[in-house]
Amino acid sequence: MHLYNLTLQPPTAVAQAIVGNFSGARTQEIIVSHGTRLELLRPDVQTGKLSTVIASDVFGSIRSLAAFRLTGSTKDYAIVGSDSGRIVILDYDPKTSSFVKLHQETFGKSGARRIVPGQYLATDPKGRSVMISAMEKAKLVYILNRDAAANLTISSPLEAHKSSAIIHHIVGLDVGFENPLFAALEVDYAEADQDPTGEAAQNAEKMLTYYELDLGLNHVVRKWSEPTDPRANLLVQVPGGQVASSERFDGPSGVLVCCEDHIIYRHMDKPQHRVPIPRRSHPLEDPKRGVIIVAAVMHKMKGAFFFLLQSEDGDLFKVTIDHDEDEVKSLKIKYFDTVPVASSLCILKSGFLFVASEFGNHYLYQFQKLGDDDDEPEFSSTSFPSFGMAESFIPLPHAHFRPRGLDNLALADEIESLDPILDAKVMNILPNSDTPQIFTACGRGSRSTFRMLRHGLEVEESVSSELPGIPNAVWTTKRTEDDPYDSYIILSFVNGTLVLSIGETIEEVQDTGFLSSAPTLAVQQIGSDALLQVHPQGIRHVLSDRRVNEWRVPQGKTIVCATTNKRQVVVALSSAELVYFELDLDGQLNEYQDWKAMGSTVLALSVGEVPEGRQRTPYLAVGCEDQTVRIISLDPESTLETISLQALTAPPSAICIADMLDASINKSQPTMFVNIGLQNGVLLRTVLDPINGQLTDTRTRFLGTRPIRLVRVTVQKNPGILALSSRSWLNYTHQSLMHFTPLIFENLDYAWSFSAELSPEGLIGITGSVLRIFQIPKLGMKLKQDAVPLSYTPRKFVSHPANQYLYLIQGDHRVMSESAAEKKLQEMRTKGQKVDEEILQLPVEVFGRPKAPAGTWASAICIIDPIEARTIHTVELDNNESAFSVAVVPFAARDNELHLVVGTAADTLLTPRSCRSGYLRTYRFTDEGRSLELLHKTETDDVPLAVMAFQGRLIAGVGKSLRLYEIGKKKLLRKAENKSFASAIVTLNTQGSRIIVGDMQESVHFAAYKAPENRLLIFADDMQPRWVTALTMVDYTTIAVGDRFGNVFINRLDMRVSDQVDDDPTGAGILHEKGQLSGAPHKTKLLCHFHVGDLITSIHKVSLVAGGREVLLYTGIHGTIGILVPFVSKEDVDFISTLEQHMRSEQSSLVGRDQLSWRGYYTPVKAVVDGDLCEAFARLTGSKQSAIAGELDRTVGEVLKKLEQLRVTSSGF
């Protein structure tokens, strides 16, 4: 078995974000790290929308990211710390729109290790040096400078190691142009290692240490080290240093040390200032719980600066420092606003705040004001004795604030993110859909969502209006060439033409010079200020002064189809003849004297747009009934001569010539494509050679069941093509590569571009008798998301075999359930304590629920209707129970009536895993599955992490034991049990009497149920320990498994063993066989192995394309969706794996990681080709492409065609 791995949706979780002028222009951009991928985002200052400029896979793990700029320069560079054991400096090149590796310095082993630097990065604010640090011991400092040619240079590393030290955070200090200083939070564990009592570990001090880089002596010294608060977790740089022009100080320098409940200002030989972190005055808030800062950002303005710090509840606090020159007068903190908890905060100079959320969607906010003049309480260090440091080991009294809705910030844009995907299913539930949808349970806590993903582009409709009849075509046109917007909408009906003018309103007009008594075949704004209408009897050329020149068709003939551009018109007559017209320099339309006989009825015509600065386009494509397409010259030397011919498999229904940029074919200029739609719903795309007019590189794609119509449109200033069949598809260029995506919209019968003041980039279409105006807001989107909000973190969900509803379990740890919270509030009210009702009314999806101690759970079972996208029923669980597993089970003892079984546990603690009692709740479906009725609860002695239907009974993984249950009247009755599993059962799958059991730490076991003896027997397992998270059966003996470390692997059991077990009715043979390696008697064999780089949460065997082959689709916790496609032939395997080898040597990783060792992180890659690397072939330079294709004995077009075919036939993407 050989597989091809393709990522359909790259990870959307943001681990870190940095801001800077990376393109060297005036605008600031944001670089975000998605763990294994770098993306450059550019905010549009006018609209406040974020757009992706470039995204590229790095084939490694990005651990840290920092921006820096050399003194006096205007361009920022990005420094990347990764698991490659190298420090890399990247530059964004706007010309090629790519990241360029400027420097790559090796300092250690690859892999994310404790003592190899890469985990933390800190830069000197003046861009003179950078420190890269490990979690433990190792810190290296590099000096950055320019050479004579103004190129960036990097020195060899200087060591700042400290043995047996654990590093919590590092930051560069702002000291102006004195020697660069770096601050680190360190804990020395040398004594704790030697002390068996654990007392030394309790008393270990956390030190704030300054390291100075002496630029004169070129080495690093420890300058200063003092103990600080033991709960310190984050350092923030404070501005400092003198301004060159005056003696004024920018700030006091030093750092803010963020600790639990406090923030301390510290600097060498200066007094400390300490303020409390305000906490919410919520009636249910746990006063013993500490508050820590999880993200921070400092922003400098002219002559001032402030900090935004975010607590783990998502509250932002504004911190300011009053200073006189370099002496701090006071440290102040006040509540600012509440946003989602962020992994990074970025403030842009244009007044935006980018919040890269830890979980869920990312947000861009705009500052409305800076919160200076509101009445929020402000807490200052001067209100406490000796600036809050009188007794530094005793916490300051609690400060409180009242959370409220956004006041200082306003939401400008939102980037959808699937992270984290906790469970997914692939099903085709929607009516009239020919491709399946992906349903995902995403998010964490009260911001969780249940999302339905559909392949296609989102469409925003602005107008929808009924028409008097059913039109067969629609056009829009300007009056003159220089008009900014369209003036007319022309609708053609069977017996006439309707012209509407576009103004304040859209209304019918009569005096346009268009013939209204006949249908229209084509409309064109021609020359500088004239209009043209083609109808079956002739051509009307309406001049700017409303005079009409008309060309009539000879008696007995009619025009059957026409094509036009700004200067040329070609019409085909019913007698299979072509007539060609061209505009002369006086604006007169001249007919070419000879007509061209085609010999077969003409079905479709197309000419391209006239290129800039030219008189005409030289080629015409003609599709005839004899199943051919001919390219005909329109050159004055050889007018209407046939140049080339292509045979088709069916008669053509439409042709469209368009010049579009596709960087995989030609990076410098657009390529001329001839798109041919056939009557059987197949689209052919061929490249037309502009020199000799030959057709090459044909690609085919099945679009739908209706004959295709093709329309040239403009999408976001670039040419695109709408292909209309039983689904509407858009062919467009995004990030200089060609995309072909369906529109998620009703089927269009005809469409055209539409440009008006309200929608300058719109499209107009007709469906039946309805006229619609719409636009496509986000190009490059592969999956449209429809979300249903959930109240807690989703855990798992199942579908009902007979109806469309989905049953989802959700639960949150350290959160009180609704009933428990209400009960506690009721107690407080009866005791006469004051309860702030206003704060209780705040929306939980924004502010979250108050935190509770460990072992407290809130959980619910909800029923979701995915078609209507809403929750129709919710069952809250009481008694501190939480749901962990769910299954729909037909019990044979109840005439195969379907029941919902939910595995729950009460008072669960996560580490070590324990609970007061586990339960199996059995529900009956009522009201056709719209609600649930509890039949009974069955106690178990551990948490049931997996349940599944099996031969009319229930099989459950309860802790370490596998149990078979039958339904009874009062509870479920245990029939059989096997207790010989190692850690805990997390997944269950079955075929026949075989049960596949995934163990939390010990990989996969094959078990069989032997009914005569009522035994559950394990007969095979794996040789390697694996931390299983997701599993599916590929066939009766083969399984595909995802593990906790981001690997996907496929194991197979020997057929002989499989048959032998099935032929043994009582299982006596298995019992007497000797176990191997202290496990089962038989072992599975590893067939395929691949490191995806994301924790796999679900894996499915599905077919994504109607009639396509089955693939393995997996989802990852960071929002990744990918597929593994089986290769069909040996030639494909050889061809693609040779291509992969060439790509490995050509495409070096942006972070310097070796692609082969990255994909074989834990176990060497086996029988899987990295499709993401192969697809990077399209972005290589032309010379490299030709060299690789030459080695493969193919043309570049054939290689690209093979890659596209692999993607399209397996996924449709």
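How many bridges join strand β44 to β45? Five bridges join β44 (residues 538-542) to β45, and the two strands run antiparallel. Strands here are DSSP runs (E, at least two residues; helices are H or I, at least four residues), numbered from the N terminus. Two strands count as paired if DSSP finds at least two bridges between them.

The model is predicted, so that local features need pLDDT of at least 70 and side-chain atom pairs count only at pLDDT 80 or more, while totals for chains, interfaces and linings use all residues. Residues are numbered from 1 along each chain as its sequence is written, and side-chain values use heavy atoms, with hydrogens and water left out.

Strands β44 and β45 belong to an open sheet of four strands. The order is β42-β43-β44-β45, with antiparallel pairing. Strands β42 (522-526) and β45 (548-552) form the edges, and each pairs on one side only. Neighbouring strands of this sheet are turned by 15° against each other on average, direction ignored. Axes are lines fitted to C-alpha atoms (for helices, over the stretch in contact), and angles run from 0 to 180 degrees between N-to-C directions.

Another open sheet holds four strands in the order β55-β56-β57-β58. Its pairing is antiparallel. Strands β55 (652-660) and β58 (695-702) lie at the edges; each has a single partner strand, so one side of each is left without a neighbour in the sheet. Here, neighbouring strands are turned by 20° against each other on average, direction ignored. Strand β56 (residues 671-678) is joined to strand β57 (residues 682-688) by five bridges, and the two run antiparallel. G677 stands opposite L683 in β57.
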